[in-house]
Amino acid sequence: MSNSIQVFNKYAFGEVTEQQVNAMMPEAEQALEVLEKGNGAGNDFLGWLHLPSSITAEELADIEETASKLRTTCEYVVVVGIGGSYLGAKAAIEALSDCFAPYKADHTAKVLFAGNNIGEDYLHDLMTLLTDRRFGIVVISKSGTTTEPAIAFRLLKDLLEKQVGKAIASKRIVAITDARKGALRNLATQEGYKTYVIPDNVGGRFSVLTPVGLLPIAIAGFDIKELVAGAVEVEQGCNCAILTYAATRNALYRAGKKIELLVNFNPKLHYLAEWWKQLYGESEGKGGKGIFPAAVDFSTDLHSMGQWIQDGERTIFETVISVGEQQNRVIIPHDEADLDGLNYIAGKDVDYVNKMAELGTRLAHVDGGVPNLLITVPALTERYLGMLLYFFEKACGVSGYMLGVNPFDQPGVEAYKKNMFALLSKPGYEEASAALQEKLRR
Ligand code: PA5
């Protein structure tokens, strides 16, 4: 079995032929060259490209030391952030953890997340849980001004300071933000928090391999050196898998397959798909273009979305992430009475059944007109996860350039904020507020 990530596109052919995909490889190679030479659109945001190989041992040790301090002093650490300041850490912790505990089995600090929604009940329930518990906060915001994390942080900071006093609270808060600007930078400087910097040239959705992702992952007890080592392998290895993925998905898009479903057969990968959705959605969806990135968890969603995928409008293709080895084996027992009729798989492990579900589903969907890409990863370990994260990042850059967009900006996300601030009467939004009121009156 391979000890790396592989991409297989043999079931992607039908409406798009193998020759057509092969004919797009030079275009993919050219997009890769533009990315690597740094002469494409958005080239002031390419800091992520060599992050894995440029993180120093000292930087990693410092992150591990901060993580260890928080772990030993806190029962809970709340990671406050949204979008790129949240999804990478959430994805990695979920992928690596025991399914019922968001941290490594032999560690005690539980990592919780906040600031990724504006749910009043969510914040109420979180604060109720944390009342009289030893907790710390890692607050992450590149701009330092995002509303959702700012509200959550104000509430949690207040709770913590009331519990332990300002001096102790300031030792249990870590801020990750811009080096110089933004409200969070000012606040952190004033309160004397430990801080980490999100580099100017790394956009939020490409920041998982900075302290944004690494600190929460380390707090949860996982080996960030291994994670980074995995990413380095892909950074310095062959780009074949990246080119195959980028060329095939663009060929399918041009043939009318406008929606990509990222499919997993492992519940631990749900948030990896959420991270991927942000990465590809914000990078490619602009200028009236872009594959719509959607995701499903199988076999769960075969019982809800299966009908549509098999038989609905033929505008989709699937990319299945297949995990080679599980961490544990669970064997289906023999039952004398066999009232449930399952003895035909007695003695098999559960993953064997899952793999047959995976293969059977792929073949059925291909027959139903859904082209299929397969990405294989040997196991869900820190190393392989690091590979997968970096693989998707680099393929996203290549793919975005093939599509003809700047994959590193996100002008569209400002529109709702402007309306929200106007409706909330935020100072500076008076004109927008008047225009909105007028629109609502009509
Ligand atoms: O990728 C992005 O740029 C966004 O998703 C941001 O990460 C998100 O909006 C949060 O922004 P910030 O880190 O400035 O609070």
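## About the model

Because the model is predicted, local features need pLDDT of at least 70 and side-chain atom pairs count only at pLDDT 80 or more, while totals for chains, interfaces and linings use all residues. Residues are numbered from 1 along each chain as its sequence is written, and side-chain values use heavy atoms, with hydrogens and water left out.

## The ligand and its surroundings

Let's start with the ligand, which sits in the largest pocket. A pocket here is an open set of points on a 1 Å grid over the protein atoms alone, where a 1.4 Å probe fits and protein lies on both sides within 12 Å along at least five of seven lines. A molecule sits in a pocket if more than half of its atoms lie within 2 Å of the pocket's grid points.

There are 13 residues around the ligand, and Ser85, Ser141, Ser143, Thr146 and Gln278 come nearest; to be near, a residue needs a heavy atom within 4 Å of the molecule. By class, this shell has 1 nonpolar, 9 polar and 3 charged residues. Ala, Val, Leu, Ile, Met, Phe, Trp, Tyr, Cys and Pro count as nonpolar, Asp, Glu, Lys and Arg as charged, and the others, Gly among them, as polar.

On its own the ligand has 380 Å² of accessible area, and the protein covers 85% of it. Such areas come from the Shrake-Rupley method with a 1.4 Å probe.

Helices are DSSP runs (H or I, at least four residues), as are strands (E, at least two), and both are numbered from the N terminus. Glu382 lies in helix H16 (residues 382-403). Glu382 counts as buried because its relative accessible area is 15%, where buried means under 20%, exposed over 50% and partly exposed in between (1.4 Å probe, protein chains only). A polar atom of the Glu382 side chain lies 3.0 Å from the backbone nitrogen of Asp223.

Ser433, in helix H18 (residues 430-441), is also buried, with a relative accessible area of 15%. Its side chain reaches the backbone oxygen of Ala422 at 3.3 Å. Val164, found in helix H7 (residues 147-164), is partly exposed at 25% relative accessibility. Val164 and Thr131 are 33 residues apart in sequence and 11 Å apart in space, C-alpha to C-alpha.

## Backbone spots to look at

Most residues other than glycine have a negative phi, and most peptide bonds are trans. Against that background, the peptide bond from Phe298 to Ser299 is cis, with omega near 5 degrees. Ser299 belongs to the loop between strand E8 (292-297) and helix H14 (306-311).

Asp132 has a positive phi, near 65 degrees. Asp132 is in the loop between helix H6 (120-130) and strand E4 (135-141), and is exposed at 72% relative accessible area. Ser425 likewise has a positive phi, of about 60 degrees. Ser425 is in the loop between helix H17 (414-423) and H18, and is exposed, with a relative accessible area of 56%.

Notes
1 Å grid on protein atoms, 1.4 Å probe; cavity = no way out; pocket = protein on both sides within 12 Å on 5 of 7 lines; lining within 4 Å. Polar contact = N/O pair within 3.5 Å; in protein donor to acceptor, adjacent residues only side chain to side chain.
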